[in-house]
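Got your viewer open and ready? Let's take a short walk from one selection to the next.

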Amino acid sequence: MGRFHRHDGDDMHTHDDGTVHSHEHGDHAHEHDHPHEHHEVDPDLLGDHSGYQTGRERIEVLTDIYAENDRLSDANRAAFDAAGVTCINLMSSPGSGKTTLLQRTLAALQGRRRVGVVEGDIETAIDADRLEGFGAQISLLNTGDGFGGECHLDAPMVAKALRGLDLSQLDLVLIENVGNLVCPAEFNVGEHAKAMVYSITEGEDKPVKYPVMFRSVEVVVVNKMDLAPHLDFDMDLFRSNLEKVNPGVTVLEISARTGDGIDAWIDWVLARRAADGQAPGSGVENT
C-alpha cells in the first residue's frame with residue numbers, strides 16, 4: 001500500500017524520495033552527513049504539501065484507500081466476532097521483544113486457550129519458526145512485495161493471512177505486526193485491542209516523539225526490565241511522558257527473557273477477552 005499515513009485531522013502524505021521531510025520507519029532511519037542544529041518548528045510548515053502538483057488528488061486517493069482499509073477491518077472484526085474469537089494487535093519497534101513475549105504467552109496459554117498467530121514481517125519466517133511447538137495455528141505474512149517492504153500490516157493483508165487460520169477452532173488471535181513505531185498504529189486491522197511492547201533500551205522520550213503509537217494502545221508492556229541495573233533508564237520520566245499522550249493507559253513492567261511479570265500480561269489478555277463478552281471455545285476451560 002506504500003509508505004503513506006494519516007495524521008490527526010486525516011491529513012495524509014506519502015514518503016517519496018525527494019520530499020522536504022521524512023520520518024523514521026522502524027530500522028530504516030535516514031542518516032545525514034552534516035551537523036544538525038536545533039530549531040523551533042514553524043507551525044505553518046507542518047504538513048505542508050504545496051510542493052506536490054497533484055497534492056489534492058493524492059489526498060483524495062489516499063482517503064479512498066483508508067476507507068477501503070476500514071471497510072475490510074470491519075469485515076475482519078465481524079469474522080472474529082462470528083467465531084467468538086478475540087484479536088489483539090501487538091506492535092512495537094524492531095527488537096523490543098514481541099516474539100519472545102509471544103513465546104511466553106503461547107506457553108502460558110497452551111491447554112487453556114486455542115490460539116492463532118498472524119506473524120507479520122517484511123521478509124523471512126524466522127519469527128514464525130520461533131513460535132512453532134506451542135500448539136498454536138500460525139499464519140505467516142511477509143510484506144516484502146510492497147514498496148520496498150511494507151512497514152505495517154493493514155486490513156487487506158490480515159484478511160489474506162486469516163485464510164491460513166481456522167477461526168472456528170480458535171479462541172484468541174494474536175497479530176505480531178511489523179516492527180515499526182509509526183505506521184502500524186494507523187491501520188485498524190479488525191483487532192479488538194491494540195497493545196505494544198516497549199524496550200527500556202529505547203529510552204524515555206519515545207512516547208512524546210512517536211505519540212500516535214502510544215496513544216493508540218490499551219496497554220504498554222515495558223520489556224527488558226532485567227537490564228534496568230545496567231542502564232540509566234528513568235521509569236518515572238518514561239511514565240510521565242506516556243501519561244502526556246495516553247493518560248491512564250495500563251503499564252506492565254516485564255522481562256520476556258526471564259519471565260518476570262509475564263503473569264500480569266497473561267491476566268490482561270484474559271481480562272480483555274472477558275471484557276469482549278466472548279464465551280470460551282468448546283472444550284477449553286475458561287481459567
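Start by selecting Lys224, which counts as partly exposed because its relative accessibility is 22%, and buried would mean under 20%. Keep in mind as you look around that this is a predicted model. Lys224 sits in the loop between β8 (219-223) and α7 (235-245). Check its backbone too: Lys224 has a positive phi of about 65°, although it is not a glycine.

**Next stop: aromatic rings**

The structure holds five aromatic pairs. Select Tyr198 and Phe214 for one of them: this pair is edge-to-face, with 5.5 Å centre to centre and 70° between the planes. Which parts of the chain does the pair link? Tyr198 is in strand β7 (residues 193-199) and Phe214 is in helix α6 (residues 211-216), so you are looking at distant parts of the chain, 16 residues apart.

Tyr198 belongs to strand β7 and Phe238 to helix α7, so the pair ties together parts that are 40 residues apart in sequence. Phe238 is buried as well, with a relative accessible area of 0%.

**Last stop: salt bridges**

How many salt bridges does a search of the whole structure find? The search finds ten. Pick Glu191 and Lys194 to see one of them: their side chains meet in a salt bridge at 3.3 Å, N to O. Glu191 is buried, with a relative accessible area of 8%, and Lys194 is buried, with a relative accessible area of 8%.

Then go to Asp205, which is partly exposed, with a relative accessible area of 30%. Asp205 forms a salt bridge with Lys206, where the closest N and O atoms are 3.1 Å apart. Select Lys209 too, and you'll find its side chain meeting that of Asp205 in a salt bridge at 3.8 Å, N to O. Lys206 counts as buried at 16% relative accessibility, whereas Lys209 counts as partly exposed at 49%. Show the three together to finish: Asp205, Lys206 and Lys209 are linked in a network of salt bridges.

Note on methods:
Residues are numbered from 1 along each chain as its sequence is written. This is a predicted model: local features need pLDDT of at least 70, side-chain atom pairs count only at pLDDT 80 or more; totals for chains, interfaces and linings use all residues. Side-chain values use heavy atoms; hydrogens and water are left out. Helices (H or I, at least four residues) and strands (E, at least two) are DSSP runs, numbered from the N terminus. Buried means under 20% relative accessible area, exposed over 50%, partly exposed in between (1.4 Å probe, protein chains only). Rings of Phe, Tyr and Trp (its six-membered ring) pair if their centres lie within 6.5 Å; planes under 30 degrees apart count as stacked, over 60 as edge-to-face and the rest as tilted. A salt bridge is a side-chain nitrogen of Lys or Arg within 4 Å of a carboxyl oxygen of Asp or Glu.
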